[in-house]
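Subject: Structure handover

Hello,

Here is the structure for your files.

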Amino acid sequence: MTDQLDAGLVAGEILEHPDAMSKPYAGGELGRGRRRKEDAKLLTGQTNWTDNITLPGLLHMAVLRSPMAHARILSVDVSGALEMPGVLAAYSGADLADVMGDSMPCAWPVTPDMVSPVHTPLATDEVRYVGDGVAVVIARDRYAAADALEAIAVEYDQLPAVVDMEAALADGAPLVHQSAGTNMCFLFDFPGAGADYAETVAAAGDDAVVVKRRFIQQRLLPTPMEPRAVVVAPIAAADEYTVYSATQIPHILRVMLALTTGIPEHKLRVVAPDVGGGFGAKLNVYAEEVLALVVARKLGRPIKWTESRSENYQATTHGRDQVQDIEIAATKDGTILGLKVELLADMGAYLQLITPGVPVLGAFMFPAIYKMKAYHFTCTGVFTTKTPTDAYRGAGRPEATFAIERIMDELAAELGRDPMELRKQNWIKHEEFPYEMVAGLTYDSGNYEAATEKAEQMFDMAGLRAEQKARRDSKDPVQLGIGISTFTEMCGLAPSRVLGSLSYGAGGWESAQIRMLPTGKVEVVSGATPHGQGHHTAWSQIVADSLGVPFEDVELIAGDTQSSPKGMDTYGSRSLVVGGVAIHKATGKVIEKATRIAAHLLEASEADVEFSKGTFSVKGSPEATLTIQQVALATFAAHNLPDGMEPTLDSDYVYDPENFSYPHGTHLCAVEIDTETGFTKIRKYVCVDDIGKIVNPVIVEGQVHGGLAQGIAQALYEEAVYDEEGNLTTGSLVDYLVPAAPDLPHFETGRTETPATSNPLGVKGVGEAGTIASTPAVINAVVDALRPWGVDNIDMPCTPERVWRAIHQDGTLRVPEGTVSYGGASTAATSGSGS
């Protein structure tokens, strides 16, 4: 990335030398490491979180949640709550049945026969997970509302919990939804675009090597810094409502609230104020948003609900939770023949907005960067009595990348090959792009060789392998492991036609509008809603670069369906590659209009007018110039415009990409494992990502660091655990280990640049890259360290106990088995290490 800054500083060095961010950049605004505009108010507390909103006559809502994973509701008596101080109303699900809609929306029916059970905002017949809403209390303050919940009497008839996916599919298993007659939500079968897998393996005969593994993607809790919150402000006389929500998707939420409650869409305004992180957990339409709206309509008073952290863990969607049976076939020389994937995906108790689509989205990424003849994917969605799952940073792609990168290491071990050399043998070469993948996608660009070469130089692979051998030879109790992840991902969730072919309920386009104000300042209206990504800064840079106006003169308007009426919002690393490109396209229309007016004012042919760095000039007459600010003022005055010309430069653009974008990279991890305690420490972590053209390297660095933290957290720390009765035993931050800065290593990051060919900015996504790539890099390193003991897998997270148990038997360190070979250089596995 050194060519991105005139000072030759990579993003990590910029953070250490902030003065570099204010230096002029010869290439314009794109690529300049600017400080984020939005950070000043965020860091000084001048923010407008949803929970900060206070309105005249505001009432507070609290939700009574089921303490049981599965039970019939025999009765709900709210009379006791109504007698509590400060309480104005209390409702059961039956009380609100006529106003809260038939069912919460699911927008992704992945198969025609998918089972989509009724999911009312409050349960009326059965509760199906711990945290399922049963009743609500409305009071003058949140504490009175919370206290009154204890006065509600609910009589339950407990039913068997269903917590294991394989047990849920067995004959005679208790049913989560009796009316469905099955716990199977769907069976998605995808044979890929290549040859038949079984026939391909059979045709190879004795030359075929087949490796099978089962990997577990544990359930995770997204844990955004700001819990969910909603405030509804009614204008009762007009039957109009403003909904403030800590959401990633105000535009989608508006549509879904209208469809669910029957309130006309034009009577709804949805605002996402400052939002403190989402990670996919706020990419949803939640019961509390519907409840707050219908109660506000019923009472004619503003309603606020803010969840506690324990509610967040019980009632906000969870992530991952898959069982992956992976089979890879190759010839004895290491050439991959094909890949077979069989997934079980836990839906939880109900289908949220895109629950069934998350594992299906991953179906296209299991082949990753590797050439192969055959691919077959099947996924079975399963209902359990647990909190529903949905998108979590990466949404299907981290799961796919983990599986393929882990099985590549296992194939290398089976063949006695160096795992990096095996990857290089099978990946797509840079001169082969664009490349039609066996999963049916077309990768437009990439250079895996360049990213890997740079990563290996930064990592010192040869030196670390030599140290690893020395440690094994000397029976060092602290062993060294090296992990690799060479990944790609599909992001920029679009184009609409592709999403339609997958039965997704919406498009993938994005909207932008550029408003040229009379004084030459610029307002950007974007349908991509920020919740921490740096949109205010990056969008200002795109506009400033295109129009030649000062960066400081650009302001973003977003997150409010009244001022930004069109949009598909923010998720799937789509902000820049869809929303940013829409903004770029809209600036082009502004320039087209301004060129016509400038030509008229300069008394020149439009064909002779040139535009560069904010100034219009006439070919051959360098003294004849107008700035775009002067044209904006002249347009506002409208005294001398071309005939038939509207007096405005304002322009909008709705952009629907022709393809996904495909960032890629190489992540390398070295871990040290104490064989006496099982403790794992990341000693070195290097990643080189190729995300195409970069708008702001500082923002990129922040996105990568955050992604790495969450991916490493899955590998080593985080796991949502349920007991046999369906109770979440990790229901607070006391029990659920979210790593802090001291738990994470120093990250050494680098960039290569292969521009996307599918959009005019050449950009790709970055928001999920670190999460997608890091988990397999860490686990491959752990397994690599323990492979002399015959360990070929450890379930995540790799806690000290799990690592210790993998290499100990009856409390004694096991004797290592055989040798481990890396490209012909065998390391003898010695006995007695650490004993």
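Cys379 counts as buried, at 0% relative accessibility (buried is under 20% relative accessible area, exposed over 50%, partly exposed in between, with a 1.4 Å probe and protein chains only). This is a predicted model, in which local features need pLDDT of at least 70 and side-chain atom pairs pLDDT 80 or more, while totals for chains, interfaces and linings use all residues. Residues are numbered from 1 along each chain as its sequence is written, and side-chain values use heavy atoms, without hydrogens and water.

Cysteines

The structure holds 0 disulfides (a disulfide is a pair of cysteine sulfur atoms within 2.5 Å). Cys379 is in none; its nearest cysteine sulfur, that of Cys185, is 9.3 Å away. Cys669 is buried too, with a relative accessible area of 0%. Its closest cysteine sulfur is in Cys798, at 11 Å, which is too far for a bond.

Aromatic rings

The count is 13 aromatic pairs. Rings of Phe, Tyr and Trp (its six-membered ring) pair if their centres lie within 6.5 Å; planes under 30 degrees apart are stacked, over 60 edge-to-face, the rest tilted.

Phe190 and Phe364 form a tilted pair, 5.1 Å centre to centre with 55° between the planes. Phe190 lies in strand S7 (184–190) and Phe364 in the loop between helix H10 (357–362) and strand S15 (374–383), so the pair ties together parts 174 residues apart in sequence. Helices (H or I, at least four residues) and strands (E, at least two) are DSSP runs, numbered from the N terminus. Both Phe190 and Phe364 are buried.

Tyr443 and Tyr662 are also tilted, at 4.7 Å and 40°. Tyr443 is in strand S17 (442–443); Tyr662 is in the loop between strand S25 (651–655) and strand S26 (664–674), 219 residues apart. Tyr443 is buried at 1% relative accessible area. Tyr662 is buried at 1% as well.

Phe188, Phe366 and Phe377 form one aromatic cluster.

Two rings carry a charge over the face. The charged end of Lys37 sits over the ring of Phe551, 4.6 Å from its centre. Arg228 lies over Tyr286, 3.7 Å from the ring centre.

On a 1 Å grid over the protein atoms alone, a pocket is an open set of points with protein on both sides within 12 Å along at least five of seven lines; a cavity is a set where a 1.4 Å probe fits but cannot get out; lining residues have an atom within 4 Å of a point. Grid points are joined across faces, edges and corners, and a volume is the space filled by probe spheres set on the points.

The pocket is lined by 19 residues, with Val163, Asp164, Ile216, Asp321 and Lys386 nearest its centre. Strand S8 gives the most to this lining, 5 residues. By class, the lining has 7 nonpolar, 3 polar and 9 charged residues (Ala, Val, Leu, Ile, Met, Phe, Trp, Tyr, Cys and Pro are nonpolar, Asp, Glu, Lys and Arg charged, the others, Gly among them, polar).

Cavities

There are 8 cavities of 30 Å³ or more. The largest cavity holds about 120 Å³. Of its 14 lining residues, His119, Tyr129, Ala287, Glu288 and Ala315 are closest to the centre.

The second largest cavity holds about 80 Å³. S13 supplies the largest share of its lining, 4 residues.

Best wishes

Terms used. A charge sits over a ring if NZ of Lys or CZ of Arg is within 6 Å of the ring centre and within 35 degrees of the ring normal.
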